[in-house]
Amino acid sequence: MVQFLKRNRMAKAMIFVVSAVIVAVNLVYLMGPAGTDVVGFDPSLDRTSNELTGTSNLFPPLDESTVSEFVSITFPMAESRKHEDFRGYDRYVIFGGQVDPVGYVYEVQEDLRCPVCNNVRLLVALDPAGEIKEIQALEPLELSGDPMPVEDETGFFRQFTSDRDEAPHEPSYVLGENIDGITGATKSSIHIVDALNRLLFTHRG
């Protein structure tokens with residue numbers, strides 16, 4: 001067999017190609033379509049809708065008291081709210097007595113596909129202009145499997161509520177540029193930034 005392979009270059013080439021294909025197929029199977037931390041950003045609404053289809057039922061429905069408490073803190077002027085499905089998101093439109101909304105609250109879910117991380121579940125408040133006003137984590141974020149200190153979580157989310165002057169249709173938040181990631185929680189940081197960018201593009205339509 002060895003002598004045959006030495007004499008037959010074609011046989012060696014075929015064995016190499018078949019081996020490479022087997023390795024590639026195994027890598028795709030093990031990693032899955034979202035098994036990498038390289039996040040490509042495409043603001044198309046079709047992509048947003050398709051991705052949300054797989055992550056909109058990660059958790060049981062929210063308790064209304066949780067939403068009420070978040071709304072009362074974030075929008076103290078709120079008098080009523082309307083719950084609706086908005087392009088795959090659970091959205092609450094907040095009214096303060098006038099016709100136009102005073103803001104919006106979205107539930108954001110993100111499947112991290114990480115065996116040592118909690119999946120992400122957030123309540124995100126947007127002001128009437130569509131800028132992030134407040135973020136509340138409904139599931140504890142983790143650092144390598146351990147609960148994250150509250151001050152680290154608060155400091156991370158505070159970055160998203162800063163005033164920004166971004167060009168239309170460009171990502172509002174870029175990890176490593178205008179957002180500092182959480183040390184020890186890189187995967188969570190990447191997915192949260194990507195999820196919030198998708199939310200903003202979806203909301204702004």
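Start by selecting Val-108, which lies in strand β3, residues 103-110. Helices (H or I, at least four residues) and strands (E, at least two) are DSSP runs, numbered from the N terminus. You are looking at a predicted model, in which local features need pLDDT of at least 70 and side-chain atom pairs count only at pLDDT 80 or more, while totals for chains, interfaces and linings use all residues. Residues are numbered from 1 along each chain as its sequence is written, and side-chain values use heavy atoms, with hydrogens and water left out.

**Stop 1: around Val-108.** Is Val-108 buried or exposed? Val-108 is buried, with a relative accessible area of 2%. Here buried means under 20% relative accessible area, exposed over 50%, and partly exposed in between (1.4 Å probe, protein chains only). Now show what surrounds Val-108: leaving aside neighbours within four places in sequence, its contacts include Tyr-89, Val-120, Leu-122, Ala-195 and Leu-199. A contact means heavy atoms within 4.5 Å. Arg-121 is also on that list, and the C-alpha atoms of Val-108 and Arg-121 are separated by 5.6 Å, although the two residues are 13 apart along the chain.

**Stop 2: Arg-121 and Glu-107.** Select this pair next. Arg-121 forms a salt bridge with Glu-107, with the closest N and O atoms 2.6 Å apart. Arg-121 lies in strand β4 (residues 120-126) and Glu-107 in strand β3, so the pair ties together parts that are 14 residues apart in sequence. A salt bridge is a side-chain nitrogen of Lys or Arg within 4 Å of a carboxyl oxygen of Asp or Glu. Arg-121 is buried at 7% relative accessible area, and Glu-107 counts as buried at 7% too.

**Stop 3: Arg-113 and Asp-111.** Which kind of link joins the side chains of Arg-113 and Asp-111? They meet in a salt bridge, 3.7 Å from N to O. Arg-113 is partly exposed at 48%, and Asp-111 is partly exposed at 22%.

**Stop 4: helix α6.** Move on to residues 186-204, where Asp-194 and Arg-198 both lie in helix α6, 4 residues apart, about one turn of the helix. Asp-194 forms a salt bridge with Arg-198, the closest N and O atoms being 2.4 Å apart. Both residues are buried. For another group, select Lys-82, Glu-84 and Arg-91, which salt bridges with shared partners join into one network.

**Zoom out.** The structure holds 8 salt bridges. In the whole protein you can find 6 helices and 7 strands, and buried residues make up 36% of the 205 residues.
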